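This briefing describes the structure shown below.

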Amino acid sequence: MNEFPEVIDPGTCPACGAEMSGNLCPRCLMADAAQATQAAGTAPGGAVPSQAEVAAAFPQLEIIELIGAGGMGNVWRARQPTLDRFVALKLLPASLTERDPAFAERFAREGQLLARLHHPNIVTVHDSGRAGDFFYLVMEYVDGVNLRQAMRASRFTAEQALAIVPKICDALQYAHEEGVLHRDIKPENILLDAKGRVKLVDFGIAKLMAQAEAAPAGGAAPGHSGSLTLGDSTLGTPQYMAPEQRERPGDVDQRADIYSLGVVFYELLTGELPVGRFAPPSERSEADPRLDGIVRQALERERERRQGSVGEFRTQMDTVLHTPCLAGPAVQCGWGNRESWEYKSKRVVFGLPLLHVVSGMDPATGRLRVARGFFALGGVAEGVFASGGRARGVFAFGGIATGVVAVGGLAMGLISMGGLALGLLLAFGGLGVAPVATGGGVVGWYASGGEAWGYYAQGGVAVGKYALGGKAVAEHVMTRAEEMPAVLQMLGRSTPWMLVAYVPFLRLL
C-alpha cells in the first residue's frame, strides 16, 4: 500500500532543534510524555519478577530495566551482546500454564505466526518460547513512548492525528491480509519512536490471554481449536472493543479492529472517548467535518455498516487529505468547516422528497452532497425542479443545466436559455443552437441574433437561405423586418423581455 505524503513538510523544531516528523517533534514529545507519566504515577499491575530472576532465566541477554507492566505481562529493555542491539523482552505470567495446560502449544503457534509479520509499522518479533517459568517474546526495541503517554503530554491536533492513523491502517491491512487480527487496538499498543515512526505492538496477545483465563483449571481452553467462545471472558480493552467482541467473542473479524481504530481516531481528534450519543469530531475539535462520516461509520454498532476493510478506511481518509474543495467561496473548506448539512422533507412526491436541500461536502465520500427531490437545491441537484451548480430535471436552473426546460450558463434541453444554449426546440442565449434560436450568436432554422446562421436569419451579420441584417449573405436578402417570417418577427420583439425574465433565474443559481 502506498505511503501517504507527510501532512506538513519536515522542518526543525524551534524548541530543541531536532528534525520534525510531520508537525511532531519526537524528542520533545518523548520528554513531555516521560514527565506526564511520572506525574500520573502509573504503577505496574500484577506480580513483576525481579531483575535478577529475569537475568537468571535469560543468560544470553543483558537485562537493563523494566519499561512496562500490566495485565498482559511485563516488558524489559535488554541487550543482545552477540548482535549488539537492544531488544524488548515481553514476559507473560507464569500462571498461564497452570490455568491452561494447552497454552504452551498455542503460544508457540502464535509466536511463529507473529514472527512472519514484517512491516515497517509493526514491531518485529525476533524470537518466542519458554524459559523456566516464563513465556517470552523477544521483540524489536522501540526507543520512544506509547500513544497514551503522548496524549497525556499534549493534545493532538487534527493534522497530527492524520499523520499517525494512516500508518496504523497500513499495519492493520497488512496483518489482516496475512490472516492476523490484532483484537486490542488502543493507545497503549501504538508506539511512537524517536524519529516519529508509528509502530503497532502486541498482535494476538489479547486472544492468547483470554483463552488461558477462560480455561477451566486443569483442563484445555475452549479456544484450543481456534474458537473464541470464551464465556464471560473478554478479549481486549472494554472502551475500545467492538460490540460483537464483547457480546460474541467467538465471532469477530477485521471489522472489530476497524471499530477499535475508530475509537482511537476519535480520541486523538477530540481527547475524549466516544461514549453514548457522542458529538461529531468536528464539533469537539478543528477536524475537517468530512472526517465525521468516516469516524461515524467505523463506530457503527452493526459491523455490516462499517468499512469493509482497513483499506477502505484509509481510502476515505486519502479522499479527505487529497481532494480539493469544490463547494465554492461561500462554504469554507478544510479544518474548522462546519457548513456541510442537508434538509430532507418527510413528505414524498413521486417517490422523491418534496424538498431536498444540501450544502457542502458529504463527509462519508469527500464529494459534494447531491440533492434529489421534487424540489432539489444544492451544489449538485436532481429533481423535477432542480437548481444548483449542476442541475438535472424537468425544469433545471444552474451553472450547467440539463432538462426539458433548462436555464443556466450552459443549458441543454427542449427549451433552453443560457450563455450557451442547446435546444431541441427553442434556444435563447449568448450562443444559441436550436430550430428556433435567438441570441448574440445563433444557429438554427429560424435564427435571430447579433450573428445569425439559419434557413431564416436575422441579425447584425446574417447568413441563411433568407437573411435580414446589417450584413446579409443569402439566396434571398430581405431589406425590411416585415418581410421575415412571423416567428422571427415575434422572436425579435420578445427577446428583450425574455432577457429581463432571465435575470431572476440567475439570482437563484
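A residue is called buried under 20% relative accessible area, exposed over 50%, and partly exposed in between, using a 1.4 Å probe and protein chains only. The model is predicted: local features need pLDDT of at least 70 and side-chain atom pairs count only at pLDDT 80 or more, whereas totals for chains, interfaces and linings use all residues. Residues are numbered from 1 along each chain as its sequence is written, and side-chain values use heavy atoms, with hydrogens and water left out.

**Overall composition**

- The protein chain has 509 residues, of which 50% count as buried.
- Its secondary structure comes to 13 helices and 14 strands, taken as DSSP runs numbered from the N terminus (helices: H or I, at least four residues; strands: E, at least two).
- Contact here means heavy atoms within 4.5 Å. Among the contacts in the protein chain with a separation of 6 or more, 43% are between residues 24 or more positions apart.

**Nonpolar cores**

- A nonpolar core is a set of buried Ala, Val, Leu, Ile, Met, Phe, Trp, Tyr and Cys residues joined through side-chain atoms within 4.5 Å.
- The largest such core holds 64 residues, and Leu147, Phe203, Phe265 and Phe313 touch the most other members. Helix α6 (residues 158-177) supplies the largest share of this core, eleven residues.
- Leaving aside residues up to four places away in sequence, Phe203 touches Leu114, Leu117, Ile122, Ala171, Leu172, Ala175, Val180, Leu181 and His182.
- A second, separate core has 13 residues, including Val54, Trp76, Val87 and Tyr136.

**Helix α4**

- Helix α4 (residues 103-115) has 13 residues, which at 1.5 Å a residue should span 18 Å; the end C-alpha atoms are 18 Å apart, in agreement. The expected span is 1.5 Å times one less than the number of residues.
- The buried residues of α4 are Phe103, Arg106, Phe107, Glu110, Gly111 and Leu114. Viewed down the axis of α4, they fall within an arc of 135° and so line one face of the helix; the arc is that of the directions from the helix axis to the C-beta atoms.

**Strand β5 and its partners**

- In strand β5 (residues 134-140), six of the seven residues are buried, so the strand is largely enclosed by the rest of the structure.
- Two strands pair if DSSP finds at least two bridges between them. Strand β3 (residues 85-92) is joined to β5 by six bridges, and the two run antiparallel; Lys90 stands opposite Leu137 in β5.
- Strand β4 (residues 125-131) is likewise antiparallel to β5, through six bridges, with Val138 in β5 as the bridge partner of Asp127.
- A hairpin is formed by β4 and β5 with two residues between them, and Gly132 in its turn has a positive phi of about 65°.

**Arg390 in strand β13**

- Arg390 lies in strand β13 (residues 370-433) and counts as partly exposed, because its relative accessibility is 41%.
- Gly379 and Arg390 are eleven residues apart in sequence, with their C-alpha atoms 6.4 Å apart in space.
- Not counting residues up to four places away in sequence, Arg390 touches Gly379, Val380, Ala381 and Ile400.

**Aromatic pairs**

- Rings of Phe, Tyr and Trp (its six-membered ring) pair if their centres lie within 6.5 Å; planes under 30 degrees apart count as stacked, over 60 as edge-to-face and the rest as tilted. By this rule there are 15 aromatic pairs.
- Phe375 and Phe385 are stacked, at 5.0 Å centre to centre with 15° between the planes. Phe375 is partly exposed at 34% relative accessibility, and Phe385 is partly exposed at 29%.
- Tyr455 and Tyr456 form an edge-to-face pair, at 5.2 Å centre to centre with 65° between the planes. Tyr455 is partly exposed at 30% relative accessibility, whereas Tyr456 is buried at 18%.
- One aromatic cluster is formed by Phe350, Phe374, Phe375, Phe385 and Phe395.

**Positive phi outside glycine**

- Asp84, in the loop between β2 (73-80) and β3, has a positive phi near 50°. This residue is exposed, with a relative accessible area of 56%.
- Arg183, in the loop between α6 and β7 (190-193), has a positive phi near 75°. Arg183 is buried, with a relative accessible area of 12%.
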